[in-house]
Amino acid sequence: MPEFEKWLWATSYAEYFTGMTGEQFGQLRLHLYDVVSGEAGPLPDDLPRCVPLEVFDPSSVRSLLLMHMLARRLHAQGDERPPEGARLMALGAAAFGRLYPELPVNDPANRILVDPVHGVEVRRILRDRTHPRSPSLRHAHVLPPWEERSSTTPQTELDWRRQRLAEMEKTEFQRLGLVLDTDPPRSSRHG
């Protein structure tokens, strides 16, 4: 992975720019010049540890990055339709549907990347054990395979999915050289 790309993803996942002063931003800009010219490694020295995504907010960088990760997965799974990850991401918040509309909107495990025009149909297929596309679509959306589904409650399914999404994020963090902090400090990192 090119150093600039690693820098971009790592600083985004760490929400590095949150609360940054003008002076800090200027120093970061100088670091980025060094990264691009090959004079520095891609990770800023004061890059905070990444925390697991606990609350989904379509305007937050972390939530958008989760959806990008799911878009890449949908693209890689090559569901029977043409790969749509980038098109869905371009729809913004409208494409961040709920798997279970009756459950909390801010639960990351309850959010799926889906064309709002097809949301009802996709949810129906995901819940229909007999539909021929259900197994591949469930896999693409990080849902338990039918044979592994020990309970039919929505909460059990979301718990299973939450664990798998956390594992996917951890793998992504490791790929970028980031550390996942499962017990983050409550103090400001740029204050």
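This is a predicted model: local features need pLDDT of at least 70, side-chain atom pairs count only at pLDDT 80 or more; totals for chains, interfaces and linings use all residues.

Residues are numbered from 1 along each chain as its sequence is written, and side-chain values use heavy atoms, with hydrogens and water left out.

**Helix α1 and serine 12**

- Serine 12 belongs to helix α1, which covers residues 3-13; helices here are DSSP runs of H or I with at least four residues, numbered from the N terminus.
- Serine 12 counts as buried because its relative accessibility is 16%, where buried means under 20% relative accessible area, computed with a 1.4 Å probe on protein chains only.
- The buried residues of α1 are Trp7, Trp9, Ala10, Thr11, Ser12 and Tyr13.
- When neighbours within four places in sequence are left aside, serine 12 is in contact with Val61, Arg62 and Leu65, contact being defined as heavy atoms within 4.5 Å.
- Just after α1, glutamate 15 has a positive phi of about 50°.

**Nonpolar cores**

- A nonpolar core is a set of buried Ala, Val, Leu, Ile, Met, Phe, Trp, Tyr and Cys residues joined through side-chain atoms within 4.5 Å.
- The largest nonpolar core has 34 residues, of which Tyr13, Leu66, Met67, Leu70, Phe96, Leu113 and Leu178 touch the most other members.
- Helices α1, α2 (22-36), α3 (61-77), α4 (85-90) and α7 each supply at least two residues of this core, and α3 gives the most, with seven residues.
- Methionine 67 touches Phe56, Met89, Phe96, Ile112 and Leu113, if residues up to four places away in sequence are not counted.
- A second, separate core of 12 residues includes Leu103, Ala109, Val114 and Leu143.

**A pocket and a cavity**

- On a 1 Å grid over the protein atoms alone, a cavity is a set of points where a 1.4 Å probe fits but cannot get out, whereas a pocket is an open set with protein on both sides within 12 Å along at least five of seven lines; lining residues have an atom within 4 Å of a point.
- The second largest pocket holds about 170 Å³ of space, and helix α7 (residues 154-176) provides the largest share of its lining, four residues.
- Among the residues lining this second largest pocket are Pro52, Asp107, Arg162 and Glu169.
- The second largest cavity holds about 30 Å³ of space, and helix α5 (residues 119-127) gives the most to its lining, with three residues.

Methods:
Buried means under 20% relative accessible area, exposed over 50%, partly exposed in between (1.4 Å probe, protein chains only). Grid points are joined across faces, edges and corners, and a volume is the space filled by probe spheres set on the points.
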